[in-house]
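Me: I would like to go through the salt bridges here. Could you display the model?

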Amino acid sequence: MEALSVEELEEQERRLVFHRFSHEDAWELGSLLVDLARVRKAPVAIDIHRAGQQLFHAALPGSSPDNDAWIARKRRVVERYGSASYLVGARHRAKGTTFEESSRLDPDTYAAHGGSFPITVEGVGVIGAVTVSGLPQLQDHLLVVEALEHFLTD
């Protein structure tokens, strides 16, 4: 599977915006992600945070505590930059560098790897993140995007 361009990733962020995001929305989106992951037998952990509070977490068979550590690191990138963790990494790669080299942030705290996507509310901005960890980074990213597309078109 080919990497997505910065432009494609930015377009996803412009398109995948909520009108509102409640506790119930977190439960429904998280449950949708669990369903998608189960069908694929994906060994992932799933996390949804809003305004510093964890609203949803699930760890499917085959996931490990390492996935929770990756979730936290990827989510911190979204919280700091207001963009998907995969997009932040792609922007650095497009400049011929890496996030680790040029951000000067602790790699044990921040990871610009795919799988964390901003929860953006129209007229408000980024209020949280939905994160998946356990697959290769592009697949983590695409799983979150697929769930968001499905959730926002229903």
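Me: Which residues are linked in a network of salt bridges?
Reply: Glu11, Arg15 and Glu149 are linked in such a network. A salt bridge is a side-chain nitrogen of Lys or Arg within 4 Å of a carboxyl oxygen of Asp or Glu. This is a predicted model, in which local features need pLDDT of at least 70, side-chain atom pairs count only at pLDDT 80 or more, and totals for chains, interfaces and linings use all residues. Residues are numbered from 1 along each chain as its sequence is written, and side-chain values use heavy atoms, with hydrogens and water left out.

Me: How many salt bridges does the structure hold?
Reply: The structure holds eight. In one of them, the side chains of Glu11 and Arg15 meet at 2.9 Å, N to O.

Me: Where do Glu11 and Arg15 lie?
Reply: Both lie in helix 1 (residues 6-15), four residues apart, about one turn of the helix. Helices here are DSSP runs of H or I with at least four residues, and strands are runs of E with at least two, numbered from the N terminus.

Me: Turning to Glu146, which residue forms a salt bridge with it?
Reply: Arg40 does, with the closest N and O atoms 2.7 Å apart. Glu146 lies in helix 6 (residues 137-153) and Arg40 in the loop between helix 2 (23-39) and strand 1 (45-50), so the pair ties together parts that are 106 residues apart in sequence.

Me: And Arg75, buried or exposed?
Reply: Arg75 is buried, at 12% relative accessible area; buried means under 20%, exposed over 50%, and partly exposed in between (1.4 Å probe, protein chains only). Its salt-bridge partner Glu79 is partly exposed at 46%.
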